[in-house]
Amino acid sequence: MDPHIQVKNLNVFYGKQQALKDVNIEIPKKQITCVMGPSGCGKSTLLKTFNRFLELTDGTRINGEVLVDGENIYDREVDVTEVRKIVGLLAQRPAPLPMSIYDNVLYGMRVHKMKRNRKAYKAAVRHYLEMTGLWEEVQKRLHDPATSLSIGQQQRLCLARGLAVEPEIILADEPTSALDPISSQNIEHRLLELKKEYTTVIVTHTLRQAKRLADHVVYMYLGEVVEWGPAKEVFNNPQHERTKAYLEGQF
């Protein structure tokens, strides 16, 4: 396995409460890793340590290492802005910026001054809207407010906006939980397509979704990683009783 993210002895505290306990895992490159487990077990907490979003929460203390491409992103000299550019986040609920569809996709590219001229920006906006299956739906209304889109379209727009800054890793925190079944299927299809180019880590709220998407899984319980490895091995031959109980629907 070629690891893209390596987590070593990671502990996270919210005040005095410990949310993650001695986590040691590896996330393989250009595969989909699903983080699964019952509610409140630390899935989203783990995900947000991968792009340093967690430290935005007051009273949070993080010990251990998270290595991306072999570099500990928590080293003092690391540029947090660059970390968050390389490791993008697709949130549970779509959060389009209060501007047009076009300007949403353009926003990050313009902040990072990624293109040389207006023509290049225009071509890039189309490219990322095509990648997320939105171009045909919105090409005649690019300057309409992003909030005029359906919630499923808004989630794909947020994905396009994230991809536009050229990340290496996509984090998705229950990205379909607020969507209808057709929109959910669309997002899943896009994520499967994107794994050809990106490492993807998904927190999922359903076992069925993990079985549809995962190449690799991490099963968590009460802040601990109980079991992790290739999806086929974990689903077909779990090594721990708590994993077996979860897969049998006891949680």
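**Stop 1: the largest pocket**

The lining of the largest pocket divides by class into twelve nonpolar, six polar and four charged residues. Keep in mind that the model is predicted. The volume of this pocket is about 580 Å³. Select Phe53, Arg84, Leu89, Arg161 and Gly162: of the 22 lining residues, these are the closest to the centre of the largest pocket. Then colour the elements α2 (80–86), β6, α3 (101–111) and α6 (151–163), each of which contributes at least two residues to that lining.

**Stop 2: the second largest pocket**

Select Pro38, Ser39, Gly40, Cys41 and Lys43 next. Of the 20 residues that line the second largest pocket, these five lie nearest its centre. The space in this pocket comes to about 290 Å³.

**Stop 3**

Switch to a cartoon view and find the open sheet of six strands. Its strand order is β6-β7-β8-β3-β9-β10, and the pairing is mixed. Which strands stand at the edges? They are β6 (87–90) and β10 (224–230); each has a single partner strand, so one side of each has no neighbour in the sheet. From one strand to the next, the twist averages 15 degrees. Strand β6 was also among the elements coloured at the first stop, where it supplies at least two residues to the lining of the largest pocket.

Now select residues 32–36 and 199–203, which are strands β3 and β8. These two strands pair in the parallel sense, over four bridges. Strands of a sheet pair through backbone hydrogen bonds, either parallel or antiparallel, so display the backbone atoms here.

**Stop 4: the cysteines**

How many disulfides does the structure hold? The count is zero. Return to Cys41, which is in no disulfide: the nearest cysteine sulfur belongs to Cys34 and is 13 Å away. A disulfide would need the two sulfur atoms within 2.5 Å.

Is Cys41 buried or exposed? Cys41 is buried, because its relative accessibility is 2% and the cut-off for buried is under 20%. Finish with Cys158, which has 8% relative accessibility and therefore also counts as buried.

Methods. Residues are numbered from 1 along each chain as its sequence is written. This is a predicted model: local features need pLDDT of at least 70, side-chain atom pairs count only at pLDDT 80 or more; totals for chains, interfaces and linings use all residues. Side-chain values use heavy atoms; hydrogens and water are left out. Buried means under 20% relative accessible area, exposed over 50%, partly exposed in between (1.4 Å probe, protein chains only). Two strands pair if DSSP finds at least two bridges between them. Axes are lines fitted to C-alpha atoms, for helices over the stretch in contact, and angles run from 0 to 180 degrees between N-to-C directions. On a 1 Å grid over the protein atoms alone, a cavity is a set of points where a 1.4 Å probe fits but cannot get out, and a pocket is an open set with protein on both sides within 12 Å along at least five of seven lines; lining residues have an atom within 4 Å of a point. Grid points are joined across faces, edges and corners, and a volume is the space filled by probe spheres set on the points. Ala, Val, Leu, Ile, Met, Phe, Trp, Tyr, Cys and Pro count as nonpolar, Asp, Glu, Lys and Arg as charged, and the others, Gly among them, as polar.
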